[in-house]
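I opened the model to look up a few contacts and wrote down what I found. The entries follow in the order in which I made them.

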Amino acid sequence: MIHPLLPNQLQKTQETMRMAAEFILRPISRKYDKAEHEPPVEMEQLNQAAAAQKESTVGDDSVKSMDLKGRNLWAVISLEQMCWGDVGLFLARPGTGLGNAAIMAVGNPDQKSQWGKRWASMAITEPAAGSDSKNISTTAVLDGDEWVINGEKIYVTDGDRCDCVVVWATLNKALGKTAIRSFIVEKGTPGFSVARLEKKLGIRASDTATLIFDNCRIPRENLLGGKEEVETDIDAAKKSFGGAMQTFDNTRPMVAGMAIGLGQAALDMTKALLAEEGYEDSYGTSMGQQTAIQYELEMLEAELEAARLLVYKSAWMMDNKMPNSKEASMGKAKAGRIGNKISLKCVEICSMQGFSEDHLLEKFSRDSKILDIFEGTQQIQQLIVARQVLGKSSAELK
Ligand SMILES: Cc1cc2nc3c(=O)[nH]c(=O)nc-3n(C[C@H](O)[C@H](O)[C@H](O)COP(=O)(O)OP(=O)(O)OC[C@H]3O[C@@H](n4cnc5c(N)ncnc54)[C@H](O)[C@@H]3O)c2cc1C
């Protein structure tokens, strides 16, 4: 459905991306769910459609007239539509990854121009540091004009197929989060290897990799944002970690948009299957005349729309340079949760057809779970919102 609150150009984005999702992604959804780890070669077409859309939308007059710069809202809307098609395939799309968001958010102008258009994944998680990302152990030591990186990163989305990785590492673990920096490491750098690929519950079209850095030497200028100070300038160091964390304000609305697209896909497919047995929406009729299924589906729809508006707002705030941490986490929590709830409910409502591989509902329910885990779990989003609402620091509310 075209969203009435969006300016014309973004409505066009919705339409184009929905068509790409329907005619490029959906037909190959099951193929790459089965063929885990095979690169989806058909995706190049989608890349071209997305690039053309972006050119014509960002900076368009109707977008500017709403005082939007457009990039983040455009991205959320595009992702929502593509993930209506298939979340795993969208993540496997050659081009931009979560590392690109980090480069665009905190990279210096040289880094943006050198790396902005390469496919960059994001490597934060380690065997002993997931939600608690400030506890990472991967190290970066300056040696002459090079950084030497050592450590292991796990569950890196697109870690195998990307061109480069944004790696979080510590300059000195004893100094805690203020010593954490991110570094751009190019594929093929000696000492950098892909150790294994995960077999997963969902999003099987996208690769998820363990990466090893063994005395991996990278140029000094690959320090993202370019701030090395730590013992000498603690304030600058704090800002640097804050900058790395702020990437999440940018990426959480994107992941939330993905969950909304998937939730919409499950609702649409459920209604289409029920329509074959005579189901009709009951908008406008009184509650007493609704069937239990009509009531259930319309409640889910209402919750999905609430999540959608919250997520659009969080992206719009980012576009307009307004602090959006609270809204980004609220939107991610709400959208992740409702995406899970809708996709499982739809399996339940369609029962045999919901559970069967003849349709995609069972796949949607598997793909949906990760959207409530990566870029910060449901519990972590709620913790961030609670801190913001109560005015507590991360040390005060853990
Ligand atoms: C398919 C997939 C792709 C991924 N892609 C990436 C990627 O590209 N890059 C990357 O860096 N990471 C990636 N991850 C890792 C992901 O970000 C982590 O799984 C996530 O942050 C949670 O960390 P954890 O698994 O170690 O769980 P833990 O942090 O150990 O948490 C376990 C449980 O405890 C809860 N919990 C933890 N702390 C608290 C707390 N303080 N209060 C309340 N509850 C809490 C969590 O919500 C969770 O339910 C990916 C993971 C998966 C499964």
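**Entry 1: a glutamine and its surroundings**

I looked up the side chain of Gln381 and found a polar contact with the side chain of Ser329, at 2.8 Å. A polar contact is a pair of N or O atoms within 3.5 Å; within protein, one must be able to donate a hydrogen and the other to accept it, and residues adjacent in sequence count only if both atoms are side-chain atoms. I noted that this is a predicted model, where local features need pLDDT of at least 70 and side-chain atom pairs count only at pLDDT 80 or more, while totals for chains, interfaces and linings use all residues. Residues are numbered from 1 along each chain as its sequence is written, and side-chain values use heavy atoms, with hydrogens and water left out.

I placed Gln381 in helix 13, residues 378-390. Helices (H or I, at least four residues) and strands (E, at least two) are DSSP runs, numbered from the N terminus. Is Gln381 buried or exposed? Gln381 is buried, at a relative accessible area of 0%. Buried means under 20% relative accessible area, exposed over 50%, and partly exposed in between (1.4 Å probe, protein chains only).

**Entry 2: aromatic pairs**

I found 3 aromatic pairs in the structure. Rings of Phe, Tyr and Trp (its six-membered ring) pair if their centres lie within 6.5 Å; planes under 30 degrees apart count as stacked, over 60 as edge-to-face and the rest as tilted. One of them joins Trp147 and Phe183, and it is edge-to-face because the planes stand at 65 degrees, with the centres 5.1 Å apart. Trp147 is in strand 3 (residues 146-157) and Phe183 in strand 5 (residues 180-186), so this pair ties together parts 36 residues apart in sequence. Both Trp147 and Phe183 are buried.

I then looked at Trp168 and Phe248, a tilted pair with 6.2 Å centre to centre and 50 degrees between the planes. Trp168 belongs to strand 4 (residues 164-170) and Phe248 to helix 9 (residues 234-275), so the pair ties together parts 80 residues apart in sequence. I recorded Trp168 and Phe248 as buried.

**Entry 3: the ligand**

Which side chains did I check against the ligand's nitrogen and oxygen atoms? Thr125 has a polar side-chain atom 2.7 Å from a ligand nitrogen, and Ser131 has one 2.6 Å from a ligand oxygen. In the side chain of Thr157, an N or O atom is 2.7 Å from a nitrogen atom of the ligand.
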